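The paragraphs below walk through one chain and its ligand. Please keep the sequence and the 3D view open while reading.

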Amino acid sequence: MQNVDMPPNHKMETCSASTNNILSSDGVLDYDALKELVMNLGADDVGFVDVDRASMTDQKRGLENVFPAAKSFISIVVRMNREPIRSTARSIANLEFHHQGEEVNTITRKVVSKLEQPGIRAQNPSMGFPLEMQNFPGKIWVISHKPAAEAAGLGKMGINRNVIHPRFGNFILLGTVAIDAHISSYDKPIDYNPCIGCKRAHLCGARQ
Ligand code: B12
Ligand code: SF4
C-alpha cells in the first residue's frame, strides 16, 4: 500500500508514463517501476497480488474462461470527492459515483495499453455494471474488486461491506487489472480494520 497525500482529481497524468526498464530479462515486472507507472496514470493507491494466493481462488476461477493466462492482479483505488457523496440529493452523489467510476475504467484501460508496449498481456474487468448474465444466478461479474483490494493491502471491508482505505476511508472506488506476468514482489493485507464500528452510515467515520 502506498499513501499519496493529494486530493482526488488534482494529479496530472504523466503523459510520458514510461514502461522503460519495467520488465527484467526473465519476464518479471519490477515492483517499484510498475507502481510508479500506475500511480502516474491517475490511481490514488495501488497494490499487487499473485493470482495463486489462497484468498484469490474465486477470482482465479472467474478468469478461467476469460483470461486463463493471468498471473498477477494490479489492484487500484480511486478517491471520490467526499461532500458530493454525502449529499442528500441523489443526483449529486450519483454524478460523483458515475464520474469516478469512469475514471477507474479509464485508468485500468490505460494500464492495459501501457503494458502492451513491452508485450505484457492484460485485461481490465469493468469497475461495475457486469454483463456476464450467462452465469446467472451465479457470479455475473468477472472479478470481485473488494477481495482483490483487501489482498493487495488497500484496506478492509467494514460493517457496510465497502472496502475502507486506511487513509482515504470509505470514499473510494476500486479497479483490478489481470496481467500475464509475475511481479518482483507482492503486497500483503493490512493487519487491522479501519472500520471503527460507529454505524453512522453515509457519514462513515472511517476517514481522516
Ligand atoms: C453486485 C454489486 C452491487 C450490487 C449488490 C447486489 C447484492 N447485494 O446482491 C448493487 C447494485 C446493489 C451494488 C450497490 C452498490 N455498490 Co456495488 N458492486 C457490485 C459488484 C459488481 C460485485 C459485488 C462483490 O464484490 N461481491 C463479492 C463479495 C466479496 O462481496 P460481499 O460484500 O460479500 O457481497 C456479496 C454477497 O455477500 C451478497 N450479500 C451481501 N450481503 C448479504 C446479506 C445476505 C443476508 C445475503 C444472503 C447475501 C449478502 O451480495 C453481495 C453481492 O454478491 C462490485 C464490482 C466488482 N466487480 O467487484 C461493485 C462494488 C462492490 N460496488 C461498489 C459501490 C461503491 C456500490 C454502491 C455504494 C454504489 C452506489 N452508487 O450507491 C452501492 C452500495 C450498496 C450497499 N449498501 O452495499 C464498489 C465498492 C467500493 C468499495 N470501497 O468497496 C464496488 C467494488 C465497485 C467498484 N469498482 O468500486 N453493488
Ligand atoms: S459508518 Fe462506522 S461502522 Fe459503518 S462502515 Fe463506516 S466506520 Fe464502519
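Leaving out residues up to four places away in sequence, I179 touches A70, K71, S72, I74, L115, I120 and A122; two residues are in contact if their C-beta atoms, placed from the backbone, lie within 7 Å. This is a predicted model, in which local features need pLDDT of at least 70 and side-chain atom pairs count only at pLDDT 80 or more, while totals for chains, interfaces and linings use all residues. Residues are numbered from 1 along each chain as its sequence is written, and chains are lettered from A and ligands numbered from 1 in the order in which they are written.

I179 also belongs to the largest nonpolar core, which has 46 residues; I179, V38, I74, I76 and V77 touch the most other members. A nonpolar core here is a set of buried Ala, Val, Leu, Ile, Met, Phe, Trp, Tyr and Cys residues joined through C-beta atoms within 7 Å. A residue is buried if 20 or more other C-beta atoms lie within 10 Å of its own, exposed if 12 or fewer, and partly exposed in between, with C-beta atoms placed from the backbone. Two or more residues of this core come from each of α1, β1, β2, α4, α5, β5 (163-164) and β6. The largest contribution is that of β6, with six residues. In soluble globular proteins, nonpolar side chains tend to be buried together.

These element names follow DSSP runs, numbered from the N terminus: helices are H or I runs of at least four residues, and strands are E runs of at least two. The chain has five helices and six strands, and along the sequence they follow the pattern α-β-α-β-α-α-β-α-β-β-β. Of the 208 residues in the chain, 39% are buried. Among contacts between residues at least 6 apart in sequence, 73% join residues at least 24 apart.

Next comes the sheet. Four strands form an open sheet in the order β1-β2-β6-β3, with antiparallel pairing. At the edges stand β1 and β3 (122-123), each with a single partner strand, so one side of each has no neighbour in the sheet. Two strands pair if DSSP finds at least two bridges between them. Between β1 and β2 there are six bridges; G47 has S75 in β2 as its bridge partner, and F48 stands opposite I74. The pairing of β2 with β6 runs over eight bridges, and V78 stands opposite L173 in β6. β3 and β6 are joined over two bridges, with A178 in β6 as the bridge partner of Q123.

How many of the residues of β2 are buried? Eight of the eight are, so β2 is largely enclosed by the rest of the structure. On one side the buried residues are S72, I74, I76 and V78, and on the other F73, S75, V77 and R79, so both faces are covered. In a regular strand the side chains alternate between the two faces of the sheet. β1 is mostly covered, with five of its six residues buried.

Helix α1 (residues 31-40) has L34, K35, L37 and V38 as its buried residues. Seen down the helix axis, these fall within an arc of 160°, so they line one face of α1; the arc is that of the directions from the axis to the C-beta atoms. The cover over them includes β1 (45-50), β2 (72-79) and α4. After α1 comes G42, whose phi is positive, near 120°.

S113 lies in helix α4. Is S113 buried or exposed? S113 is exposed, because 12 other C-beta atoms lie within 10 Å. The C-alpha atoms of S113 and Q123 are separated by 9.7 Å, and the two residues are ten apart along the chain.

The last stop is ligand 1. Among the 18 residues around ligand 1, M127, H145, N162, V163 and L173 come nearest; a residue is near a molecule or strand if its C-beta atom, placed from the backbone, lies within 6 Å of it. At least two residues of this shell come from each of α4 (90-116), α5 (145-151) and β6 (172-179), and β6 supplies the largest share, four residues. By type, the shell holds eleven nonpolar, five polar and two charged residues. In that count Ala, Val, Leu, Ile, Met, Phe, Trp, Tyr, Cys and Pro are nonpolar, Asp, Glu, Lys and Arg are charged, and the others, Gly among them, are polar.
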